[in-house]
Amino acid sequence: MNSFIYQININFKRIILRNKRFFLFDMMLPIIFYLLYSKVLVNGIPQADLKTWQMNYLISMIIYSCLLGSIITVANTLLEDKTSHFDILSRLTPLPRWQYYLSRILIFMLLNLISAIVICLVGILVNHLTLPIANWSLIILISVLGTTPLIFMGILISLANNPATVNLLNNIVVFPLAIISGLWWPITMMPKWLQSIGKLTPTFEISNIDQSILHGTIINSHYILGIILWLMIIVVITLLITKYQKHKELIIE
Amino acid sequence: MTSIVTVEHLNKNYGKKEILHNINFTVNKSQIIALIGENGAGKTTLINILLDLISSNSGTVNILDNEKNFKERIGVMMQQNISITRITVKEILKLTQSYYQSPLAYEKIIELSDLYDLEDSKMDKLSGGQKRRLSFALAIAGNPDLLFLDEPTAGMDSQSRTKFWQTITDLKEQHKTVFVTSHYLEELETIADRIMILQNKSISFDGSIAQLRVLEGESMIEFDSKLLPNLFKDMPEIIDFKKVGDHYKFTTKNAELIIGQLTPYLNAINNLKVQQNSLDSLFVNFNKEGATHE
């Protein structure tokens, strides 16, 4: 157990505390977007709808931040572990493989939690948004837990083992996912066929659960099942690829 | 003697390409074994199989009686340096120690790997030689009984190398077993109890350096003389004859016979030197013969 706590401690320092990329990219980018579209470029929005827009967009940016953290930061961190030989070092020790991944997954979730809290604070302090503390907590919790499939997607992308391919896959997945699931602009602005694809994405599903909490409506259980299904599919694909790579001895550099 | 590594009839192919063929050897406790071979001979593949990182196509490997937690008792210094960003030397050592049930004391790791004053340095800011020493520190952190060292001194300065090999000799005194590969054969010559040459996919020699010398039996004879080369070049048992100016250089398998034949000319010979071949040249000759026999 001491070993596990030590791993959490070290991973917290290197992945969050000393990682400027996390603060600049995962946190600042959604905050800048949020301030820009909820404070600066709001001329066309009627005053009566402004608060709702600011609240809805806050949720989008929380999920966008978790998306960046879960895919780009996870894939890059795990790839860095491989290129720096941290991964092989731990495989040569008695450390169980599940501990290696669990210690990182918990840190990635913490990273998403920090981003979500900071973005909520920006909404509260800058746009004076108000919600009961229980609702704030639930929105943050759902966003962090709901993006778990995305963390596994980041793990899956890191299995490409090549920095150029990982970068390419990050860009292919993250930005289209953000756009078609309506995180940047409302999904209704897109063609119908694209909307129907967007509604199947995990980010759309999390966003809808959060919106239900925000507006006090009933959470659609399809969205919860959808997230669980995404998690299962991505975990199975990750395990199959890992098994294939081990069989083909692609994991030894 | 207790055998802690046993390899029998081990074969490894990558696709249709055969990398290792019928490898057999045992490693006894408290020995330093040097595995040498040309680049691409399959040394790292063999080590990766021993470490259970990749599997063989056939054959058996028994390490530390195939204990389930054998990784508790091995330490590995890989050929590649470990260079993790945003972590200090102290942090990675403490982390690695935490993986083991009975790790080596932190102060002892620092002492053996000579990492004083570098404990608070970030790993990625270390020089090549310092990274090598850190890799060694990580290998011994678990207080292993069996150490695998793959090119351990590459990138180290000569002072660090001397100190490193002294540490390895000390570890052997403490009944540790060391399995090492290196291109610096002159270093292995002084510390290895046993040499294994990996050549043409198989272990072509397995024995002490003394046994390799008997097998190869070559010596180098050098002297200066103004006498004509005709007097020397047809002497029996000379393998290689060279003359540059007044300097003569022979390679022979029978130094005693040649010295006997030189005796009549000793008055006209200066700076006579007889030198046994280094491991380096023994290895080169051995490889040449192996290639000829193919």
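How many helices and strands does the secondary structure of chain B come to? The count for chain B is ten helices and 13 strands, where helices (H or I, at least four residues) and strands (E, at least two) are DSSP runs numbered from the N terminus.

This is a predicted model, in which local features need pLDDT of at least 70 and side-chain atom pairs count only at pLDDT 80 or more, while totals for chains, interfaces and linings use all residues. Residues are numbered from 1 along each chain as its sequence is written, chains are lettered from A and ligands numbered from 1 in the order in which they are written, and side-chain values use heavy atoms, with hydrogens and water left out.

**Figure 1. Chain B as a whole.** The C-alpha trace of chain B spans about 70 × 45 × 35 Å along its principal axes. Of its 294 residues, 50% are buried (buried means under 20% relative accessible area, exposed over 50%, partly exposed in between; 1.4 Å probe, protein chains only). Chain B exposes about 13900 Å², with carbon and sulfur atoms supplying 47% of that area (Shrake-Rupley method, 1.4 Å probe; for residues, only the protein chains shown count as cover). Among contacts in chain B between residues at least 6 apart in sequence, 67% join residues at least 24 apart (contact means heavy atoms within 4.5 Å). The chain carries 32 positive and 38 negative side chains, and the centres of the two sets lie 5 Å apart (Lys and Arg count as positive, Asp and Glu as negative, with His and the chain ends not counted; each charge is placed at NZ of Lys, CZ of Arg, CG of Asp or CD of Glu).

**Figure 2. Close-up of Leu138(B).** Leu138(B) sits in helix α4 (residues 128–140) of chain B and is buried, at a relative accessible area of 3%. Which residues does Leu138(B) contact, leaving aside its neighbours within four places in sequence? They are Leu89(A), Ile82(B), Ile92(B), Leu93(B) and Thr96(B).

**Figure 3. The salt bridge of Asp114(B) and Lys163(B).** These two side chains meet at 3.5 Å, N to O (a salt bridge is a side-chain nitrogen of Lys or Arg within 4 Å of a carboxyl oxygen of Asp or Glu). The pair links distant parts of the chain, 49 residues apart: Asp114(B) is in the loop between α3 (106–113) and α4, and Lys163(B) is in helix α5 (residues 158–173). Asp114(B) is partly exposed at 23%, and Lys163(B) is partly exposed at 46%.

**Figure 4. The salt bridge of Arg161(B) and Glu187(B).** Here the side chains meet at 3.3 Å, N to O. Arg161(B) belongs to helix α5 and Glu187(B) to helix α6 (residues 185–191), 26 residues apart. Buried or exposed? Arg161(B) counts as buried at 16% relative accessibility, and Glu187(B) counts as buried at 11%.

**Figure 5. The salt bridge of Asp206(B) and Arg194(B).** The closest N and O atoms are 2.8 Å apart. Asp206(B) lies in strand β9 (residues 202–207) and Arg194(B) in strand β8 (residues 194–199), twelve residues apart. Asp206(B) is partly exposed at 35%, whereas Arg194(B) counts as buried at 11%.

**Figure 6. A salt-bridge network with members in chains A and B.** Lys13(A), Arg18(A) and Glu91(B) are linked in this network. Over all chains, a search of the whole structure finds 15 salt bridges.
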